[in-house]
Amino acid sequence: MNKKTTPTRADSFSGHLDAANHVRGQSIYVDDLPEYAGTLYGRAFPSPVAHGRIRRLSLGAAEQLEGVVRIFTARDVPGENQVGNIVPDEPLLAEREVHYLGQPMALIVADSMEAAEQAAELIQVDIEELPAITDAREAFRRGQLLAGSRKFEMGDVEAAFAQCEHVFEGTAHTGGQEHVYLEPQGAYAVPREGKVFIHSSTQGPTQVQRAAARVLGLSMNQVEVDVARIGGGFGGKEDQASAWGAMAALAAHLLNKPVKYILSRHEDLLMTGKRHPYDSDYRIGLDENLNILAYEATFYQNGGAAADLSPAVLERTLFHATNSYYVPNARLTAHCCKTNIAPSTAFRGFGGPQGMFVIEAAIHHAARMLEVAPMEIQEKNLLRDGQVFPYGQVVRESEARPCWIENIERNDIRGLQKEVRRYNAENRLSKRGLHLMPVCFGISFTNTMMNHARALVHVYSDGSVGISTGAVEMGQGANTKMVQVAAREFGLRLGQVRIETTNTTRVANTSPSAASATSDLNGKALQNACGQIRQRLIQLIRQELRLYGSEEVQLLDNAVFVNGQRQDMEWKGLIQLAFTRRINLSAKGHYATPKISFDKEKEKGHPFAYHVFGAAALLCTVDCLRGIYTIDAVHIVHDFGSSMNVGVDLGQVEGGLAQGIGWMTMENLQHSTEGRLLSQTLSNYKIPDIYSVPKAVSVHFLGSEGSDFAIYKSKTTGEPPLMYGIGAYFALYDAILAFNPEAPLLYHAPMTPERVLGLLYG
Ligand code: LUZ
Ligand code: MOS
């Protein structure tokens, strides 16, 4: 019987599949796994000083403590004592020297966490202290670099500056940022007949696998890493989950016992790396019509004590140093400086925000001197189609201007400006500020070879579907999007598809879930795998229904459709038939982003599959007596392409915004001159909470075409929205200038209430 119905597509879901279990506390993280009998607990002994030569490490008393099973040091490592990924400069356990306070020197393994903790108190070290450097510029002066410096150049910068009507120069600083993922770093390693199985809280299961294999002297097929989901990553678990995974694996392998090491919040704050602080110099040149003709910037990146991902982060700073603007003559230089703080690492935006802050500062500086609103300069210089970035990529489908203009019109920004001026004229001790922040972010790993992914799909003989990809769910909704892809490709309901853990044995050689590329790369690999199975099924349908022409066969609504007509063949029956016909109901999919490349010799190429654009308007009020402030409203117009999950994408934008505002206004990461982290608890490191987030947020989905390189043309949302938060710095500055037009020039984030007071009365 052929029923005539209009096929509907299972693609209009707007939710998060983990939501219900999260709310009920039923989602599983590493520390929630049932423990094997005999499980032991690890704990690293951290260096008490930031820099020094180890004279003696005395374990005696700690080893005697009841419950302590073993204490491992660098000498016990059977393979290579090395977790440095880009540069091999980071021992798992310190050897002769320590380079930051908190650096793991030994690994205690005990039969309880309490015993491991007590043992750490009994370890004694004798370290000859060496001078510690915490400042990037000073490290640079001393020639302490973690990797080669980089320079992107376009046009003739000196000639352009000579022609400029206006030239301004200055310095800028952005601080570090602690990830504060809800779930701390950790791993649980279980020995299995010579193989090590690791449950890890990582964005990069393959990174952990590789690191553990290296440390143990095993091959990769002897290490299996499994991730159900993680409680936040934000970049902090892209590379830095590896050390904890390797430590748990080391102990498990050598003791032949399950070993778990979950960091306490305090250990995590102390020992793990954070966003890179940057010190920068800028020079900007404009013509009489406010066109930016030339821009020069030098970035001193505070990389911490080991390279980690710093060279890649440095590169992205240069890629985003001109943000959403066309700058015909640019010279951008960046130095990766070695200091004695925990190795700085990936953090949402990956160096991009640090680069963008500087050009926004330069524009703000120029606007102030020229007595125009920053908006005038910003708007004039927004990228247009066909223009080129300093790294050689030509701008396509630039939504920079559409987002900006839509924002101004939709939110009546001109009216708001008048309103702010009126408010400021009427109020002496309370001032408002308004700032527009455009964002342009390149999508792809800047390291071209990382832009590929795989997926494994099984259709079981009862018609249910199990999928595995390299995507790690970290709260961002990657799993939800993966389930949406498989359901849509097979014409099923979401509930018929199960997403399995991310596992290196099922899906190998994964790139970390990072660079906002997870859903695109893994989604397209999954689409590829589903497509292979679908093709086999369609071939079977053609045979069964004797279709020899150009009939269109579709799988929709759990049924087979031919030329838009529902057939008397349900999905379940189709699968049973396919199984009896011995058709392969499993497939491995692969995807590699086409057309991208980058030449590091010339520093030119086409590194990004596409760009994400947007613009945010931020409105704030400053209490000019106390220096405290509120972010009253943020209005965003964001280029989502055609969003495949409006709820998830909206959540990413709101979360990114809050995190960006936190970085710019309150998260004040501080080290003493001896390299001790001063902001080492959540009582002296303030993160955004429900009281500090904007009182009102509106997000408008720009109806753009999207990109063929985005899964279903649904542009990724991971990192770009964080950079809207940069606008908070300038909105606050705007309010400060309304109170004190003579306020000093200061581009030094975060804009804490102390700094606000300094500017109000400086
Ligand atoms: N990680 C990485 C990233 O390895 N390469 C990148 O380009 C990147 N971009 C953003 C965030 N993480
Ligand atoms: Mo990242 S900063 O791990 O995308």
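Select Tyr 733: this residue is buried, with a relative accessible area of 0%, where buried means under 20% relative accessible area, exposed over 50% and partly exposed in between (1.4 Å probe, protein chains only). The model is predicted; local features need pLDDT of at least 70, side-chain atom pairs count only at pLDDT 80 or more, and totals for chains, interfaces and linings use all residues. Residues are numbered from 1 along each chain as its sequence is written, chains are lettered from A and ligands numbered from 1 in the order in which they are written, and side-chain values use heavy atoms, with hydrogens and water left out.

Rings of Phe, Tyr and Trp (its six-membered ring) pair if their centres lie within 6.5 Å; planes under 30 degrees apart count as stacked, over 60 as edge-to-face and the rest as tilted. Both tyrosines belong to helix H18 (residues 726-739), where Tyr 729 and Tyr 733 are 4 residues apart and therefore separated by about one helical turn. Helices (H or I, at least four residues) and strands (E, at least two) are DSSP runs, numbered from the N terminus.

The whole structure holds 21 aromatic pairs. Next, select Phe 319 and Phe 608, an edge-to-face pair at 5.3 Å centre to centre, with 75° between the planes. Phe 319 lies in helix H9 (residues 310-319) and Phe 608 in the loop between strand S26 (604-606) and strand S27 (610-623), so the pair ties together parts 289 residues apart in sequence. Both Phe 319 and Phe 608 are buried.

Two arginines come next. The charged end of Arg 488 sits over the ring of Tyr 712, 3.6 Å from its centre, and Arg 229 lies over the face of Tyr 29, 5.9 Å from the ring centre. The criterion is NZ of Lys or CZ of Arg within 6 Å of the ring centre and within 35 degrees of the ring normal.

Finally, display the open sheet of 4 strands, ordered S19-S18-S17-S24 with mixed pairing. Strands pair if DSSP finds at least two bridges between them. Strand S19 (497-499) and strand S24 (586-592) are the edge strands, each pairing on one side only. Within the sheet, strand S17 (residues 452-459) and strand S18 (residues 465-469) run antiparallel, joined by 5 bridges.
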